[in-house]
Amino acid sequence: MAAVFFDSALDELSRGDGVRGVVADAAHTVADIARADAPVASGEYRDSIHVEVAQTDEGVVATVVADVRHAMIVESREGTLARALGKAASRV
């Protein structure tokens with residue numbers, strides 16, 4: 001017996017508020033962990049960590065961003081965002 005998929009229904013589901021909420025909630029969990037673990041000299045790096053949610057052709061995408069000017073340097077030295085993602089994934 002073959003499975004039949006209704007691509008239009010799956011596409012609609014992937015763009016719905018429920019999926020958007022789940023994706024955004026997961027990203028906010030990562031951002032919360034990152035802010036809690038962020039190294040603090042001035043607090044600018046920690047305070048710049050936020051979530052951006054976008055709708056793409058494939059569905060909802062959430063990105064955790066640290067956008068202060070020196071974020072790349074902090075991340076390369078500390079791995080704060082990468083560690084936060086791992087910690088959030090281990091909670092599931």
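I looked up Ala 88 first: its relative accessibility is 12%, so Ala 88 counts as buried (under 20% relative accessible area; exposed is over 50%, partly exposed in between; 1.4 Å probe, protein chains only). The model is predicted, so I took local features at pLDDT of at least 70 and side-chain atom pairs at pLDDT 80 or more, while totals for chains, interfaces and linings use all residues. Numbering runs from 1 along each chain as its sequence is written, and side-chain values use heavy atoms, without hydrogens and water.

Ala 88 sits in helix 5, residues 80-90 (helices are DSSP runs of H or I, at least four residues; strands are E, at least two; both numbered from the N terminus). I listed its contacts (heavy atoms within 4.5 Å). Setting aside neighbours within four places in sequence, Ala 88 touches Thr 29, Val 30 and Ile 33.

Next I checked helix 4, residues 71-78. Its buried residues are Ala 71, Val 74 and Glu 75. Just after helix 4, I found Gly 79 with a positive phi of about 65 degrees.

Last, the whole chain. I read five helices and two strands, in the order α-α-α-β-β-α-α. The C-alpha atoms fill a box of roughly 60 × 25 × 20 Å along the principal axes. Of the 92 residues, 28% count as buried.
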